[in-house]
Amino acid sequence: MGNKVVERESISSAKEFLDSLGISYRYYEHEPVETMEDCKEVAKTSGAEFCKNLFLQNRQGTEFYLLLIDQDKKFRTSEVSKLIGKSRLSFGNPEKLYEYLGVHGGAITPVGLMFDSSHKVQVLIDRSLLNMEEISVHPLVNYATLVLKTTDITRTLMEKTGHSPIFIEIN
């Protein structure tokens, strides 16, 4: 775990950002989560499922994507690559993840789009998430959870950060 003071400032920044957008949320602190199984345990308390948030890039490392996918779905690079017409997607570079979204692996979150003012990251959203009323995400660290309305993520957050998500159907 990193510097606690910096992490607390990150949580405060995330909450202040959401407040400035008029997005309401529920906030929970818990032990750090490392896996989706850990997240499922937290969801029992928060009352909302998590979505997987994956940072991806093209083979050349010139295009970057934030994929929001149902927590129970399998991520297959070939499937997502085909859906968006890009070949050879892979997990994104950790330095670019921090540069563009202000987070490290394990705490990837759509809230990090607050840092992507140059719009280097294209957002991909699995349509199945639209069937969920609320979604749990991290507030830039993996030992806390924010529960947000799905529409606040897919509409308000995207609009206010200037991101136009691509909705895809993942099997």
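This is a predicted model: local features need pLDDT of at least 70, side-chain atom pairs count only at pLDDT 80 or more; totals for chains, interfaces and linings use all residues.

What follows is a chat about confidence, a pocket, a helix and a few residues.

Me: Which element has the lowest mean pLDDT?
Reply: pLDDT is the predictor's confidence in each residue, from 0 to 100, and the protein chain averages 93, with 95% of the residues at 70 or above. Helices (H or I, at least four residues) and strands (E, at least two) are DSSP runs, numbered from the N terminus. Strand E5 (residues 121–126) has the highest mean, 98, while the lowest, 81, belongs to helix H1 (residues 4–20).

Me: Which element gives the most to the lining of the second largest pocket?
Reply: A pocket here is an open set of points on a 1 Å grid over the protein atoms alone, where a 1.4 Å probe fits, with protein on both sides within 12 Å along at least five of seven lines; lining residues have an atom within 4 Å of a point. This one is lined by 14 residues, with Met36, Cys39, Asn53, Gly106 and His138 nearest its centre. Helix H2 (36–46) and strand E2 (51–57) each supply at least two lining residues. With four residues, the top contributor is E2.

Me: How far does helix H5 reach from its first C-alpha to its last?
Reply: H5 covers residues 150–161, twelve in number. The expected span is 1.5 Å times one less than the number of residues, and that comes to 16 Å here. The model is close to that expectation, at 16 Å.

Me: Which residue follows H5, and what is its phi?
Reply: It sits in the loop between H5 and strand E8 (166–168). Its C-alpha is 9.2 Å from that of Ser118, 44 residues away along the chain. The residue is Gly162, with a positive phi near 75 degrees.

Me: Is Leu140 buried or exposed?
Reply: Buried means under 20% relative accessible area, exposed over 50%, and partly exposed in between (1.4 Å probe, protein chains only). Leu140 is in the loop between strand E6 (134–137) and strand E7 (144–149), and has a positive phi near 80 degrees without being a glycine. At a relative accessible area of 7%, Leu140 is buried.

Me: And Arg88, buried or exposed?
Reply: Arg88 lies in the loop between helix H3 (77–84) and strand E4 (90–91). Arg88 isn't a glycine, yet its phi is positive, about 60 degrees. With 56% relative accessibility, Arg88 is exposed.

Me: What is the relative accessible area of Pro110?
Reply: Pro110 is in the loop between helix H4 (94–101) and E5. Beyond four places in sequence, Pro110 is in contact with Asn53, Leu66, Leu68, Val137, Ile153 and Leu157. Pro110 counts as buried because its relative accessible area is 0%.

Notes: Residues are numbered from 1 along each chain as its sequence is written. Side-chain values use heavy atoms; hydrogens and water are left out. Contact means heavy atoms within 4.5 Å.
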